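Biologist: Hi! Could you walk me through this model while I have it open?
Modeller: Happy to, ask away.

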Amino acid sequence: MSCPFHSSKSDEQPSNYREMEDGIHTDFDNDMSYGDYLCLAQILSAQKPVSKQHDEMLFITIHQSSELWLKLAGHELTAAIDNIHDADFGHAFKVISRVKQIFNQLTQSWHILSTLTPVDYLKFRDALGHSSGFQSYGYRKLEFLLGNKNEGLLAVHKNNPDIYHSLESVLHAPSLYDEVLKVLAKNGLSIDKHVLERDFSKPYQQNDSVLKAWLTVYRNADEYFELYELAEKLIDIEDAFQQWRFKHMYTVQRIIGHKMGTGGSSGVSFLKKALDISFFPELFALRTHL
């Protein structure tokens with residue numbers, strides 16, 4: 001007599017077993033695989049700790065992945081600048097929304113790095129030498145694209161001529177906000193000539209004519225709806241970027257306190273100063289005047 005609680009099918013698979021489907025490709029001798037397409041052999045072999053400390057792998061992975069997101073953000077912002085130059089607002093809005101989500105993703109990465117304790121970080125910090133996130137050319141490009149122009153910041157990239165000249169080109173080109181201000185003028189809003197024809201390598205300074213133009217847009221949102229929506233998209237970017245900046249500063253403070261940065265900066269004090277920099281100052285100032 002067979003036991004009622006025991007299956008007679010000896011080849012029956014467990015309920016959590018997933019059968020390999022016949023159509024799944026397994027031969028990639030002459031075909032491109034997932035790893036080939038993504039160059040995973042190169043990417044996943046790029047984590048090379050300089051110490052024997054367990055937590056250094058976390059530190060490297062967070063910063064390498066952040067550089068990929070920075071590269072994508074720069075790619076998208078460059079497209080947004082072109083879109084706005086061509087008055088292609090539909091694509092510009094889509095791209096700017098994507099950049100906002102990239103910044104949110106970057107902010108989340110600091111939460112993971114916050115699991116690195118001060119004691120564990122100090123075990124390998126000295127091995128980093130003078131390498132620092134301040135030397136990130138992906139971040140530098142991003143700041144230049146958004147309008148935080150500072151020619152002096154190019155000095156840390158002079159050892160790599162290709163990167164230096166690439167950043168120099170972005171420094172001298174109109175930023176995202178510069179292109180937006182040109183659009184305001186093209187839509188009949190009065191913008192001072194020296195704002196539109198300024199030296200784009202210099203930091204942007206808040207201007208009364210720009211503030212008045214944005215006030216006109218906001219007070220007549222139905223008439224200037226695309227410009228109004230564009231302005232709010234820019235606020236989204238700055239909001240997300242500043243949250244990323246703040247979380248960066250706070251994570252550094254949590255891990256190293258007020259020690260000097262590995263790149264020679266004052267550390268937390270230097271990072272706090274960045275929180276006072278606005279890419280689109282009139283868009284925040286107008287809220288007081290509405």
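Biologist: Is Ser66 buried or exposed?
Modeller: Ser66 is buried, with a relative accessible area of 11%. Buried means under 20% relative accessible area, exposed over 50% and partly exposed in between, using a 1.4 Å probe and protein chains only.

Biologist: And where is Ser66 found?
Modeller: Ser66 is in helix α3, residues 56-85. Helices are DSSP runs of H or I with at least four residues, strands are E runs of at least two, and both are numbered from the N terminus.

Biologist: What should I know about the model itself before we go on?
Modeller: It is a predicted model, so local features need pLDDT of at least 70 and side-chain atom pairs count only at pLDDT 80 or more, while totals for chains, interfaces and linings use all residues. Residues are numbered from 1 along each chain as its sequence is written, and side-chain values use heavy atoms, with hydrogens and water left out.

Biologist: Thanks. Which backbone oxygen lies 2.8 Å from a polar atom of the Ser66 side chain?
Modeller: That of Ile62. A polar contact is a pair of N or O atoms within 3.5 Å; within protein, one must be able to donate a hydrogen and the other to accept it, and residues adjacent in sequence count only if both atoms are side-chain atoms.

Biologist: Which residues is Ser66 in contact with, leaving aside neighbours within four places in sequence?
Modeller: Leu106 and Ser109. Contact means heavy atoms within 4.5 Å.

Biologist: Tell me about Ser109, then. Where does it lie?
Modeller: Ser109 lies in helix α4, residues 89-113, and counts as buried at 9% relative accessibility. The Ser109 side chain reaches the backbone oxygen of Leu106 at 2.5 Å. With neighbours within four places in sequence set aside, Ser109 is in contact with Ile62 and Ser66.

Biologist: Switching to charges: how many salt bridges does a search of the whole structure find?
Modeller: The search finds 7. A salt bridge is a side-chain nitrogen of Lys or Arg within 4 Å of a carboxyl oxygen of Asp or Glu.

Biologist: Which residues are linked in a network of salt bridges?
Modeller: Arg140, Glu143 and Arg245 are linked that way. Arg140 and Glu143 meet at 3.7 Å, N to O, and being 3 residues apart in helix α6, they are separated by about one helical turn. Arg140 counts as buried at 1% relative accessibility.

Biologist: And how far apart are the closest N and O atoms of Arg245 and Glu143?
Modeller: They are 2.7 Å apart. That pair links distant parts of the chain, with Arg245 in helix α11 and Glu143 in helix α6, 102 residues apart. Both partners are buried: Glu143 has a relative accessible area of 4%, and Arg245 is at 6%.

Biologist: What else does Arg245 touch?
Modeller: Not counting residues up to four places away in sequence, the Arg245 contacts include Tyr139, Asn148, Ala274, Leu275, Ile277 and Phe279. Arg245 and Leu106 are 139 residues apart in sequence and 9.7 Å apart in space, C-alpha to C-alpha.

Biologist: Which residue forms a salt bridge with Lys182?
Modeller: Glu179, with the closest N and O atoms 3.7 Å apart. Lys182 is partly exposed at 23%, whereas Glu179 counts as buried at 7%.

Biologist: New topic: which residues of α7 are buried?
Modeller: Ile163, Leu167, Val170 and Leu171. Seen down the axis of α7, they fall within an arc of 105°, so they line one face of the helix. The arc is that of the directions from the helix axis to the C-beta atoms.

Biologist: And what do they pack against?
Modeller: The buried residues of α7 pack against α6, residues 137-146.

Biologist: Last one: which members of the largest nonpolar core touch the most other members?
Modeller: Of its 72 residues, those are Phe103, Leu176, Tyr177, Trp214 and Leu283. Helix α11, residues 225-256, gives the most to this core, with 13 residues. A nonpolar core is a set of buried Ala, Val, Leu, Ile, Met, Phe, Trp, Tyr and Cys residues joined through side-chain atoms within 4.5 Å.
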